[in-house]
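The exercises below are meant to be worked through with the sequence and the 3D view side by side. Try each task before reading its solution.

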Amino acid sequence: GPEAWKSFQKARPYSLEGYVPRAPKPGMPAPDGAVMNLVAEDGKTTLLAKVRSLATTANGANNKVALIFGSSSCPAFRVFGGFDFYKAFAAKNIPILFVYTREAHGSDDFPAGMNESGAFALKRPIPMHKNPEERRAAAVLLHAHLVTQLNGADINIVIDDLDDKLERAYEAR
């Protein structure tokens, strides 16, 4: 209805006709910002600090890291997108960093039918995050899902702050 459309326009303006992209282009500096770690006790870091860490600890002297933005409530990401990206970059020995973002289809904001019923339904609804703990809990669920689906692969995830600064900077939807 009208409220869902307003929510969509606010959260995803880069999906609307006439929008002028502002995402970084190849060769431009990568935006940075605070991210939460999957384990609360590990505190916070920045996106680029985590990227540098993965780039220097990867096989060989790789200076590339693939960033994949997503959330548990995005059916396309949860069902195939996250896996396809992971497999493509892993095949090239490029480390992957998942960035957990706001829910694409929060059950209380912009629900998706695939999340509610059918073969790819979520086991429980995931609402929009009201605090960092809720976002971290949703990211932990996605991490477990990815590890299971990717046969125990080492999955690196950081979590965008509730201000969604990195999602907006990378126009990651």
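**Exercise 1.** How many bridges join strand β4 to β5, and do the two run parallel or antiparallel?

*Solution.* Before starting, note that this is a predicted model, in which local features need pLDDT of at least 70 and side-chain atom pairs count only at pLDDT 80 or more, while totals for chains, interfaces and linings use all residues. Residues are numbered from 1 along each chain as its sequence is written, and side-chain values use heavy atoms, with hydrogens and water left out.

Step 1: strands (E, at least two residues) and helices (H or I, at least four) are DSSP runs numbered from the N terminus, and two strands pair if DSSP finds at least two bridges between them.
Step 2: β4 (residues 96-100) is joined to β5 by four bridges, and the two strands run parallel; tyrosine 100 has isoleucine 159 of β5 as its bridge partner.
Step 3: β1 (residues 34-37) is joined to β5 by three bridges in an antiparallel arrangement, with asparagine 37 standing opposite valine 158.

**Exercise 2.** Why is strand β5 described as largely enclosed by the rest of the structure?

*Solution.* Step 1: buried means under 20% relative accessible area, exposed over 50%, and partly exposed in between, with a 1.4 Å probe and protein chains only.
Step 2: five of the five residues of β5 (residues 156-160) are buried, so the strand is largely enclosed.

**Exercise 3.** Is threonine 56 buried or exposed?

*Solution.* Step 1: threonine 56 belongs to helix α2, and with a relative accessible area of 64% this residue is exposed.
Step 2: a polar atom of the threonine 56 side chain lies 3.2 Å from the backbone oxygen of serine 53.
Step 3: proline 95 is 39 residues from threonine 56 in sequence, and their C-alpha atoms are 9.9 Å apart.

**Exercise 4.** Which element supplies the largest share of the lining of the largest pocket?

*Solution.* Step 1: a pocket is an open set of points on a 1 Å grid over the protein atoms alone, where a 1.4 Å probe fits, with protein on both sides within 12 Å along at least five of seven lines; lining residues have an atom within 4 Å of a point.
Step 2: 29 residues line the largest pocket, and Leu67, Ile68, Phe69, Tyr170 and Ala172 lie nearest its centre.
Step 3: α2 (47-57), β3 (66-70) and α3 (75-91) each supply at least two lining residues, and the largest share, six residues, comes from α3.

Notes: Polar contact = N/O pair within 3.5 Å; in protein donor to acceptor, adjacent residues only side chain to side chain.
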